[in-house]
Amino acid sequence: MKLTFLGAAHEVTGSCTLLEACGKNFLIDCGMEQGPDIYENCQLPVSPGELDGILLTHAHIDHSGLIPAMVAQGFKGSVYCTEATRRLCTIMLRDSAHIQEFEAQWRNRKAERAGLPRYEPLYTMADAEQALRQFMAYPYHEPVELCQGIRVWFYDAGHLLGSSSIYLEITEEEQTRTLLFSGDLGNHSRPLIRDPEKAPEADFVVVESTYGDRLHGERPDYLGQLTEILQQTFDRGGNVVIPSFAIGRTQELLYLIRTIKEEKRIRGHEGFPVYVDSPLAVEATRIYSAGLTDYYDQETLDLLAQGIDPITFRDLRLSVTADESKLINEDPTPKVILSASGMCEAGRIRHHLKHNLWRKNSTVLFVGYQSEGTVGRKLLEGADWVRLFGEEITVHANILSLAGISGHADRDMLLNWLGNQSGAKKIYVNHGDDEVCDTFAAAIREKLGVEAVAPYSGDEYDLLTAECTARGRIVKLTKQSDGRRRANSLYEKLLAAGKRLLYIIDQSKGLTNKELARFTDQINALCDKYSKK
């Protein structure tokens with residue numbers, strides 16, 4: 001009966017932990033690593049074909065994104081989760097597979113010209129489709145027997161629709177241990193979903209620490225802030241452009257905007273249109289509106305009882321096709337544009353920035369964290385211009401952020417959630433920045449008086465003795481100089497731009513001969529300019 005930490009150990013993404021008990025192997029989460037890689041992760045100590053199941057806390061790619069890769073390598077077991085998580089994964093894993101295949105196509109065109117071996121995608125759409133057929137959904141609070149000796153319960157983690165903390169009861173050789181995984185715990189008093197609930201006391205707890213070293217402060221007046229921004233921008237005749245993550249944050253904003261409209265908070269622009277311009281966000285919004293009442297908070301349930309859809313309204317317009325997207329900026333009416341990606345590194349948001357950043361009457365409103373080096377971070381830090389589609393766009397628009405919105409619990413919320421775990425034999429801290437994991441483990445020891453550690457990738461713990469039985473190889477990846485890191489970052493952005501160009505070319509078959517000829521000339525001129533002599 002042992003636990004091996006594999007991913008999100010002293011890092012924020014790539015959650016993955018292996019449970020070996022009762023002769024079976026189960027992963028808790030199987031996430032893709034995103035963003036900077038701080039430590040070298042150890043390999044899965046069993047083959048994917050030897051896995052008996054995967055327990056999934058929620059649909060975000062840093063928790064679910066490698067499930068199709070496991071299927072591609074022989075995993076045939078079930079994926080256990082809630083129904084809302086299953087539905088969200090149907091769009092997220094397909095979208096991820098599309099990205100994997102498109103990247104492989106782009107790399108192989110380059111490899112063929114250079115005489116290099118072919119690049120195989122991490123997984124394909126077929127792998128994602130097969131993985132989705134292996135999902136099994138269960139409600140909160142009901143026991144699920146994984147095998148003889150292991151039962152599992154799901155509890156609401158309050159982070160995303162259907163997100164879960166996972167509680168396991170394991171009996172092996174007449175000894176029983178209980179184990180609790182927090183998953184990502186949500187902030188309090190958010191639209192649509194409930195606050196995180198506390199699971200029963202467990203012998204061992206694995207807890208996230210994303211915000212384990214900071215506090216959110218008093219809950220801001222989101223409605224008041226957003227109303228003021230909309231009113232002032234519309235009065236100037238401008239648009240409010242919101243770079244937003246497609247799943248979760250977009251739907252929360254729609255909830256707030258519906259409330260603003262219902263309460264008639266905006267004067268003189270009562271019928272202002274709201275565009276959701278992201279195919280993934282559109283699909284997610286439809287899932288959120290698909291009657292998943294088991295996951296909503298009481299306020300949302302009360303609205304549904306009155307026949308009110310909490311995230312749709314008369315002036316909401318869902319944009320799916322590229323032509324629909326282009327028409328948005330041709331309409332002079334002051335409007336709200338919600339578009340992905342949330343950090344402005346890719347996607348349709350870049351088109352909307354191109355059309356609005358130079359306008360003094362428009363506002364670009366950020367509602368989520370912006371990583372260092374991204375276009376979003378540059379705008380928030382006061383950049384005078386940014387480069388979009390090879391063109392320098394001067395920034396005259398108002399650049400604002402909606403204070404206080406976060407999808408994660410802060411330090412005190414995490415400690416409060418752990419408040420009924422004072423009898424735990426050990427608490428393991430993961431899913432946090434390198435130093436934050438250690439800082440939050442120390443806070444647990446000080447505030448709760450429970451032994452807490454922050455394992456590294458490859459660390460293995462015996463659940464009968466609570467002792468560490470094997471240490472992973474702690475390999476911190478070489479830290480690059482600022483100049484080299486910036487050069488690599490810029491080169492990665494160039495590669496991403498190349499992938500986007502290939503995608504646009506692939507979508508251009510419907511253009512007229514004149515448009516195709518002009519597009520071809522532009523690409524050739526660009527190639528001539530930068531080709532090495």
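Ser341 lies in the loop that runs between strand β15 (336-339) and helix α10 (349-356). Helices here are DSSP runs of H or I with at least four residues, strands are DSSP runs of E with at least two, and both are numbered from the N terminus. A cis peptide bond, with omega of about 10°, links Ala340 to Ser341. Most peptide bonds are trans, and most residues other than glycine have a negative phi.

The model is predicted: local features need pLDDT of at least 70, side-chain atom pairs count only at pLDDT 80 or more, and totals for chains, interfaces and linings use all residues. Residues are numbered from 1 along each chain as its sequence is written, and side-chain values use heavy atoms, with hydrogens and water left out.

The backbone angle phi deserves attention at two further places. Ala8, in the loop between β1 (2-7) and β2 (16-21), has a phi near 55°, a positive value in a residue other than glycine. Ala8 is buried, because its relative accessible area is 0%; buried means under 20%, exposed over 50%, and partly exposed in between, with a 1.4 Å probe and protein chains only. Phe389, which is not a glycine, also has a positive phi, of about 55°. Phe389 belongs to the loop between β17 (385-388) and β18 (391-394), and its relative accessibility of 32% makes it partly exposed.

The chain as a whole may now be considered. Its secondary structure consists of 15 helices and 23 strands. The radius of gyration is 24 Å, close to the 24 Å that the globule rule gives for 533 residues, so the chain is as compact as a globular protein of that length. This radius is taken over C-alpha atoms, and the globule rule is 2.2 Å times the number of residues to the power 0.38. Along the principal axes, the C-alpha atoms fill a box of roughly 75 × 65 × 45 Å. Of the 533 residues, 52% count as buried. Among contacts with a separation of 6 or more, 73% are between residues 24 or more positions apart; a contact means heavy atoms within 4.5 Å.

How do two helices meet within this chain? Helix α5 (residues 222-235) packs against helix α6 (residues 249-262) at an angle of about 70°, with the axes 10 Å apart. The two helices are therefore roughly perpendicular. Axes are lines fitted to C-alpha atoms, for helices over the stretch in contact, and angles run from 0 to 180 degrees between N-to-C directions. Angles under 35 degrees count as roughly parallel, over 145 as roughly antiparallel, 65 to 115 as roughly perpendicular and the rest as oblique. From α5, Tyr222, Leu223, Leu226, Thr227 and Leu230 meet Leu256, Ile257, Thr259 and Ile260 of α6. The residues of this contact comprise seven nonpolar, two polar and no charged. Here Ala, Val, Leu, Ile, Met, Phe, Trp, Tyr, Cys and Pro count as nonpolar, Asp, Glu, Lys and Arg as charged, and the others, Gly among them, as polar.

Two residues extend this picture. Asp235 is found in helix α5 and is exposed, with a relative accessible area of 52%. Leaving aside neighbours within four places in sequence, Asp235 is in contact with Arg267 and His269. Ile405 sits in the loop between β19 (398-401) and α12 (411-417) and counts as buried at 16% relative accessibility. Beyond its neighbours within four places in sequence, Ile405 is in contact with Tyr222, Arg249 and Val367.
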